[in-house]
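Thanks for coming. I have one model to go through today, and I will keep it short.

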Amino acid sequence: MIDLTNIRKRNTAEIAQRIVQDIPDGAHVNLGIGQPMTISNYLPPDREILLHSENGLLGMGPLAQGDQIDLEIVNAGKQPVTMLPGASIFHHADSFAMIRGGHIDICVLGAFQISVKGDIANWRTGDPKAIPAVGGAMDLALGAKKLFVMMEHLTKSGESKIVQECTYPLTALAAVDCIYTDLATIEVTPNGLVAIDWVDGLSFSDLCELSGAPMTEKKS
Amino acid sequence: MIQKIMPNVTEALRDIVDGSTILISGFGGAGLPVFLLDALLEQGAKNLTLISNNAGNQGVGIAKLVAGGRVKKMICSFPRQPESGAFDELYRQGKIELELVPQGTLAERIRAGGAGIGGFFTPTGFGTELAKDKECREIDGINYVFEKAIKADYALIKADKGDRWGNLVYHGTGRNFAPIMATAARCTIAQVNQTVDLGQLDPEAIVTPGIFVKRIVLVEGKS
């Protein structure tokens, strides 16, 4: 067991800022509900990044405040948002044609588990008492040109969320391109997982052991 | 003469019978036709199959119909909502049927229904429990799942403005499912905030052409 008590993990803001480094100027990006939405707070002003909201908005601005609030203009989490100059509104089939037709460059989703092959499980744990709800997760996971995952590396009980095979119900097969966690950044490639960076104080072999999955170091 | 603007909401909903299948626009509260849904509750039709993104939230609209025991089945992508209590309770008791559909597949099934297409193959859901027992096919190296079109008896939608030919424009992201739902029902009924004379809506900007709309109801009071 690796002692993580003296390791300073990345907080949510730091994971978001790490993801932003990999979003290029001009990208059309969809941010999933929850943690991924916080990425919008860290988009750099020197890059024009267009946010897509699955409910029919491209060019989404920050959350609406005060007089800006219009309950008919909301994000995927149903929060009132603003629209940037140049924003467009469209119906749901067009919105998902953007997603399913491969027009969205990057989608960032949260996840319960990611397999070494890039399978993603993020929509239900299989708890029979929970109400199943899938939303746009399955469409986004497969449709976006690149799928980034933002998640904690380990579960609360310390198990790796990167696994050989997902045990939770699948969202999509072989869909994930890159995993950003509080401990590391890991690419999913046809040749397996490739560790790009990891937090100070953690060795590469620690990372492999914690992840319970074989991976290689990115050759720089 | 064509006059789709109805004298009142009671008249607009008069022929909805028990067992009807009804498309309902909205994404959470945005675009939800609350005025029509409240009138439908009063109208009394039951044993309904409702198709909408959510299964009701905050105790309004669909949530009231569900709580009132009017709904036999929900076809939706995201039933879990803040205060979707009525649905959760009935679902756990096995008193309401749920067909869970990925959101893009839901939109495309409705679009297909309105365009006279019987179904389509999509990669969404392949290899997951939502593709169970569905026909799958590999096309040019990609695995697809067959999804059937959705058609309904009625669509209840919310728009911003409408004219007597049934032309509609929307407001903000309240548009969401409404334009595609309008195409996929035998009878589409739209609630609007404002009725306008013919010619006042810019032909270049009309989102739903009147051919898809049978009845328009002006919202009375605040909705």
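A residue counts as buried if 20 or more other C-beta atoms lie within 10 Å of its own, exposed if 12 or fewer, and partly exposed in between, with C-beta atoms placed from the backbone. This is a predicted model: local features need pLDDT of at least 70, side-chain atom pairs count only at pLDDT 80 or more, and totals for chains, interfaces and linings use all residues. Residues are numbered from 1 along each chain as its sequence is written, and chains are lettered from A, ligands numbered from 1, in the order in which they are written.

Start with B:Val71. B:Val71 is buried, because 24 other C-beta atoms lie within 10 Å. It sits in strand β3 of chain B, residues 71-76; strands (E, at least two residues) and helices (H or I, at least four) are DSSP runs numbered from the N terminus. Beyond its neighbours within four places in sequence, B:Val71 is in contact with B:Leu48, B:Leu50, B:Leu65, B:Val66 and B:Ile96, contact being C-beta atoms, placed from the backbone, within 7 Å.

Now helix α5 of chain B. How many of the twelve residues of α5(B) are buried? Twelve of the twelve, so α5(B) is largely enclosed by the rest of the structure. Those residues pack against α2 (92-100) and α3 (137-143) of chain A, and in chain B against β1 (21-24), β5 (119-122), β7 (142-148) and α6 (178-183). Just after α5(B), B:Gly116 has a positive phi of about 75°.

For chain B overall, there are six helices and 13 strands, and buried residues make up 51% of its 223 residues.

Key:
Contact = placed C-beta atoms within 7 Å.
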